[in-house]
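Subject: Structure handover

Hello,

Please find the structure for your files here. My notes come after it.

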Amino acid sequence: MRATFALSNAFRTPLIRFIGKRSVPTAVDHTPRVHPASPVGTLPDSFASYRAKAQQHGPLGRAQFGGIGGQPGASLGPVQPQDGAFFDRAELPSRFGRLPWSQAEIEAIETGGASMFA
């Protein structure tokens, strides 16, 4: 550790200087107001009514019949892929299958590539 550096930090003065004494305002208006960029221009009646209409990656309110989570997944019936679509790589034709690793490739990976130049 450099002693001079540590000593110079002990007497550091901030670069920002505030003018005058700190004063806390005596009267602050905390009444809710509509944001100037609000598309509606009015405040909601209550948080519950706002939450019932709000959307964030789907509805936030309770799921109604037919909504997201309104029915269990098993009631939707079996799921089959469309013609020409596959759910798993193993279902593809053999020409799209994985190729086996050669011994040289395995050694190159295990040694970090050093075996290719030795």
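Residues are numbered from 1 along each chain as its sequence is written, and side-chain values use heavy atoms, without hydrogens and water.

The mean pLDDT (the predictor's confidence in each residue, from 0 to 100) of the protein chain is 80, with 77% of its residues at 70 or more. The chain has three helices and zero strands (DSSP runs: H or I of at least four residues for helices, E of at least two for strands, numbered from the N terminus). Confidence is lowest in helix H1 (residues 3–10), at a mean of 63, and highest in helix H3 (residues 103–110), at 91. Where pLDDT is low, the predicted coordinates should not be read in detail.

Of the 118 residues in the chain, 3% are buried (under 20% relative accessible area, 1.4 Å probe, protein chains only).

The largest pocket has a volume of about 230 Å³ (an open set of points on a 1 Å grid over the protein atoms alone, where a 1.4 Å probe fits, with protein on both sides within 12 Å along at least five of seven lines; the volume is the space filled by probe spheres set on the points).

Regards

Conventions
1 Å grid on protein atoms, 1.4 Å probe; cavity = no way out; pocket = protein on both sides within 12 Å on 5 of 7 lines; lining within 4 Å. Buried < 20%, exposed > 50% of the residue type's maximum accessible area, 1.4 Å probe, protein only.
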